[in-house]
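Me: I would like to go through the labels attached to this model and ask what stands behind each one. Please set the value against the cut-off every time.

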Amino acid sequence: MPTPPDTSKTLKLERYNNYLRKIHSTKLISASSKLLFRATLLIALILILFFTINYPPLSDTPHHVPPHHRLHHHSLLSTSLFSAGGGAAWEKQVRLSSTPRRTNGFSVLVTGAAGFVGSHCSLALKKRGDGVLGLDNFNNYYDPSLKRARQNLLSKHQVFIVEGDLNDGPLLTKLFDVVPFTHVLHLAAQAGVRYAMQNPQSYISSNIAGFVNLLEVAKAANPQPSIVWASSSSVYGLNTENPFSERDRTDQPASLYAATKKAGEEIAHTYNHIYGLSLTGLRFFTVYGPWGRPDMAYFFFTKDILQGKSIDIYETHDQKEVARDFTYIDDVVKGCLGALDTAEKSTGSGGKKKGAAQLRVYNLGNTSPVPVGRLVSILEGLLSTKAKKHVITMPRNGDVPFTHANVTLAFKDFGYKPTTDLSTGLRKFVKWYISYYGIQSKTRKESQATGESG
């Protein structure tokens, strides 16, 4: 009987090959798993970075605030990546913008430089030969395109604006490391009385936390800068003394906005007392003029009158006219520069006080309150259009019925003297408004129509 073939070697070889295939398959699966894990991790990190940069934290904006009222804030991550991490070219821009051209000129950090008052002050400082560096977060409380247009105007005059937030400590520290600022003109703030009822957190974040963050960095700087900052006439709140004097009570704010500005004055006192920072607060009274804020009455009245829309004119609960001490922007700029020029040096160094430092507060107003009805009449004349007026009782939303500035102290200390009456100031504003928005006035249309028919 024939001997069966020996298959043991073949079986062993097959088992060995199967073993190798299993090992190879296991390694392949393991490698694939690692690759998949790494890819997933990378995608997750990219998504986290994207959402961190493009969306504010949920806690910053209450869910009930409408989307068009939500402010866009740059996160610390985005600011640090795209501003402070700008490298040599970025630092060169910062230094160039903040270097004065005149002998003994200032090097000024202007916060809120793309804002109404900030842009005007930045331009005035630069024109006289001071070094100016701007800081602004370009939030969308009102149309950011107006802020960008102001930024472009400043850029033409070699003023560079760093896009960043007051609450970004590393960015502020970086700026003070790059530039030994002699002065800070702190104008960045969440403005508006009524908006505080919709988004109160934005006022706390900017007007209190942001101010404290700036003072923390300034106190540690060497040398410490002198600081001039924007308070507000709203701190007088329910005060009934007229005209409003710096000696009057300011412990009865009528709005959250006013409360944050009053808190700023108390915080300024604390940092002056403990760290020797030289601090000057300026209480602005209803500033208006070209490049102004669209949320201000004179601005949206102009828009609505031209569009044929009805405008609300407030009266008090006892049927009296609401009046404001309207102050033209050029007068306010002179006051800001006067405060900077007379600001004494801070006395601290590296966060330690070495002596008593200057602490001041001033009214910057026009000293002649005008009823809102008179404001509307002037605009009607300038626009050659009759307004559709809707008189209503002032809501209890924090607004006060009357403001009137006593500016004796500012005149005494730095020669502040407003010279622009409301009619003159509004004429300049309307001229800018029509030019900026490309509007052909009714008067010009009528004259052209007459010319064509003739």
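Reply: A residue counts as buried when its relative accessible area is under 20%, and as exposed when that area is over 50%, with partly exposed in between. The model is a predicted one. W432 has a relative accessible area of 11%, so W432 is buried.

Me: How do you know whether F299 is buried or exposed?
Reply: F299 has 3% relative accessibility, so F299 counts as buried. The cut-off is under 20%.

Me: What makes F299 and W432 a pair, and why is the pair called edge-to-face?
Reply: Rings pair if their centres lie within 6.5 Å, and planes over 60 degrees apart count as edge-to-face. The ring centres of F299 and W432 are 6.1 Å apart and the planes stand at 65 degrees, so the pair is edge-to-face. The pair links distant parts of the chain, with F299 in helix 9 (residues 297–306) and W432 in helix 13 (residues 422–436), 133 residues apart.

Me: Which residues do ring pairs link into a cluster?
Reply: The cluster holds Y288, W291, Y298, F299, F326, Y328, F429, W432, Y433, Y436 and Y437.

Me: How many aromatic pairs does a search of the whole structure find?
Reply: The search finds 30 aromatic pairs. Among them are F176 and F181, whose ring centres are 5.2 Å apart with planes at 70 degrees, so this pair is edge-to-face. F176 and F181 are both buried.

Me: What makes K147 a charge over the ring of Y142?
Reply: The distance part of the rule asks for NZ of Lys or CZ of Arg within 6 Å of the ring centre. K147 lies over the face of Y142 at 4.6 Å from the ring centre. R148 lies over the face of F138 at 3.7 Å from the ring centre.

Me: Why is S384 called partly exposed?
Reply: Partly exposed covers values between the buried cut-off of 20% and the exposed cut-off of 50%. S384 has 29% relative accessibility, so S384 counts as partly exposed. S384 also has a positive phi of about 50 degrees without being a glycine, and lies in the loop between helix 11 (372–383) and strand 13 (388–393).

Me: What makes helix 4 mostly covered?
Reply: Ten of the twelve residues of helix 4 are buried, including F116, V117, H120 and L125. Helix 4 is followed by G129, whose phi is positive, near 105 degrees.

Me: Where do the buried residues of helix 3 fall?
Reply: The buried residues of helix 3 are W90, V94, S97 and S98. Seen down the axis of helix 3, they fall within an arc of 90 degrees, so they line one face of the helix. A88, A89, K92 and L96 are exposed on the other side of helix 3. In general, an α-helix has 3.6 residues a turn, so residues three or four places apart point the same way.

Me: Which residues have the most contacts inside the largest nonpolar core?
Reply: They are V117, L185, F284, Y298 and L375, in a core of 77 residues. Leaving aside neighbours within four places in sequence, Y298 is in contact with residues including F116, V287, L375, L379 and F429. A second, separate core of 31 residues includes V178, A221, I267 and Y271.

Notes. Residues are numbered from 1 along each chain as its sequence is written. This is a predicted model: local features need pLDDT of at least 70, side-chain atom pairs count only at pLDDT 80 or more; totals for chains, interfaces and linings use all residues. Side-chain values use heavy atoms; hydrogens and water are left out. Buried means under 20% relative accessible area, exposed over 50%, partly exposed in between (1.4 Å probe, protein chains only). Helices (H or I, at least four residues) and strands (E, at least two) are DSSP runs, numbered from the N terminus. The arc is that of the directions from the helix axis to the C-beta atoms. Rings of Phe, Tyr and Trp (its six-membered ring) pair if their centres lie within 6.5 Å; planes under 30 degrees apart count as stacked, over 60 as edge-to-face and the rest as tilted. A charge sits over a ring if NZ of Lys or CZ of Arg is within 6 Å of the ring centre and within 35 degrees of the ring normal. A nonpolar core is a set of buried Ala, Val, Leu, Ile, Met, Phe, Trp, Tyr and Cys residues joined through side-chain atoms within 4.5 Å. Contact means heavy atoms within 4.5 Å.
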